[in-house]
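Please look over the model below.

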Amino acid sequence: MSTARAAGLTSQEIFSQANRDVAELRSFIDKVRREHPEEVLTINKEVDPRFEITALVYKLEQERRFPILVFENVKGSKFPVVTNVHASRRRLASAIGSEPRSAVANYLQRIEHRIAPKDVDTGPVKEVVLQGDQVDLGAIPQIVHHQDDAGPYLTAAVTLARDPLSSRLNCSFNRLMSLDKNHTSIHLTLAKHLWEFYTNAEKMKQPLQVAVILGAHPAWSLGALNIGSIDEEEFYLMGSLAGEAMEVVPAETLDLRVPARAEVILEGEILPFERVEEGPFGEFTGYSLGSRKREVFHVKAITHRKDAFLHDISVGHLDHLLLSTIPMEANLFRAVKAMVPSVQAVRIPAPFTVYVSIEKKTEGQGKNAILAVLGADMYMKHVIVVDHDIDIFNDQRVQWAVGTRCQANRDVMIVSNVGGSDLDPSDAQDGVTAKMGIDATAKPRLDKFTPRHRVPKEVFDRLDLKDYLPSSWLAQRKEEKR
Ligand SMILES: Cc1cc2nc3c(=O)[nH]c(=O)nc-3n(C[C@H](O)[C@H](O)[C@H](O)COP(=O)(O)O)c2cc1C
Ligand SMILES: [Mn+2]
């Protein structure tokens with residue numbers, strides 16, 4: 001396969017040659033590099049894709065540092081690897097033209113206005129076309145992320161498919177575990193849209209045709225992760241979120257149009273009635289789950305740029321968690337707003353867990369918000385609702401509200417035996433879980449609740465620390481805080 005190294009280019013050269021006028025992953029990285037040079041680090045030293053890439057992400061994470069990492073020399077492959085692209089909320093928000101705190105509002109605004117894909121005759125992803133015997137997945141870096149993983153995985157893989165019944169398109173992230181030069185396993189969560197398409201195809205005794213997109217602009221990824229009805233075609237939201245039409249070209253072997261500016265496209269089919277042992281795999285929950293029988297993806301063609309790099313995500317690390325939470329928060333915000341119009345904010349602080357703040361105007365709205373969340377997202381398990389005076393970006397304040405505004409016998413609701421994630425290590429039966437809502441709003445209402453202690457506002461506003469404390473001490477404290 002011809003790649004950046006084969007083409008004699010450094011990643012610096014690749015990024016600086018990216019087309020600044022179009023949305024694609026490499027132009028996004030180039031933009032970050034120009035605006036925040038400290039956020040894109042190039043590593044020239046050879047790395048072993050077995051554990052070393054994730055280990056470096058993890059080591060930096062321990063130091064609370066989250067740069068994009070570009071590995072130029074990856075043992076066993078000519079493809080450079082780019083990882084940690086989404087590990088900063090500011091960076092991710094910037095991909096949809098937003099500030100970090102307004103990312104959810106911006107997401108919802110952008111998906112209101114659809115920007116359909118634009119047909120083009122050809123594009124960079126067609127620079128190299130490999131079919132039949134030429135297909136060799138082994139040429140792509142074989143990244144093993146965590147110690148107990150069963151093998152190398154492609155984790156930043158967006159699957160595009162068409163429902164054989166309705167003809168609708170769907171996009172979703174689905175991890176692929178390498179099996180051989182033209183097969184991987186594919187993980188389809190039960191009852192999610194790709195699984196529905198696949199079961200429709202299987203009933204017709206047919207394979208399901210899919211194209212896997214590797215190297216997506218973060219706005220496309222946020223679009224693919226949109227939580228909506230099965231009738232909602234994520235493909236049409238990707239351009240909306242990027243703010244411009246996504247250029248698409250016909251696939252070589254499928255009746256699908258694929259992004260012309262991806263890094264790599266894998267074309268093929270998910271085979272009917274075939275299953276293979278997949279996993280263990282280090283999950284987004286932070287646990288390594290055991291193996292299961294999963295579906296099999298047969299790769300019939302690979303197309304890629306001549307200087308393609310492989311995009312990777314360390315699952316369960318910030319790169320992954322931030323990326324998936326913004327679309328989930330947006331969906332939940334919209335769902336709660338339909339029920340409680342004065343919702344202020346929604347945050348997913350941990351797997352299966354949601355905080356919601358509302359300005360409660362009538363009694364019972366705390367529990368309405370809980371029901372809205374549990375009805376809108378199958379994965380969510382624990383919901384805590386607080387009043388609008390609580391900053392839900394501060395876990396300690398949320399716990400303070402639970403501690404001081406909640407009576408368990410009155411304010412906690414539990415629903416047993418509901419469908420949930422099959423990746424929750426605490427569930428009693430695969431994918432069947434209990435849901436809990438905690439209404440930690442003040443009862444009956446904040447303005448009628450025991451008042452908070454406070455200093456008079458007039459006094460607080462009037463006093464200036466500088467008039468009371470040595471300036472040298474104040475300066476020193478500031479330094480520490482930073
Ligand atoms: C990095 C990453 C990896 C993911 N891996 C999988 C996966 O292997 N299988 C899966 O079913 N969902 C996976 N997801 C979640 C789905 O992509 C997500 O739930 C998506 O919204 C489902 O699309 P749908 O609503 O069209 O079914 C992953 C998400 C991310 C961000
Ligand atoms: Mn969908």
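Which residues are buried in α2? They are Leu25, Arg26, Ser27, Phe28, Ile29, Asp30, Val32 and Arg33. Buried means under 20% relative accessible area, exposed over 50%, partly exposed in between (1.4 Å probe, protein chains only).

## Basis

This is a predicted model: local features need pLDDT of at least 70, side-chain atom pairs count only at pLDDT 80 or more, and totals for chains, interfaces and linings use all residues. Residues are numbered from 1 along each chain as its sequence is written, chains are lettered from A and ligands numbered from 1 in the order written, and side-chain values use heavy atoms, without hydrogens and water.

## Helix α2

Helix α2 spans residues 25-35. Eight of its eleven residues are buried. Helices (H or I, at least four residues) and strands (E, at least two) are DSSP runs, numbered from the N terminus.

## Manganese site

Asn170 (OD1), His193 (ND1) and Glu234 (OE) coordinate the manganese ion (ligand 2) at 2.0 to 2.2 Å. Donors are N, O and S atoms within 2.8 Å of the metal (3.2 Å for Na, K and Ca); water is not among the atoms, so sites may look incomplete.

Asn170 lies in strand β8 (residues 169-173) and His193 in helix α6 (residues 193-203), so the pair ties together parts 23 residues apart in sequence. Asn170 is buried, at 2% relative accessible area. His193 is buried too, at 17%.

## Ligand 1

Ligand 1 is surrounded by 17 residues (a heavy atom within 4 Å). Strand β8 gives the most to this shell, with four residues.
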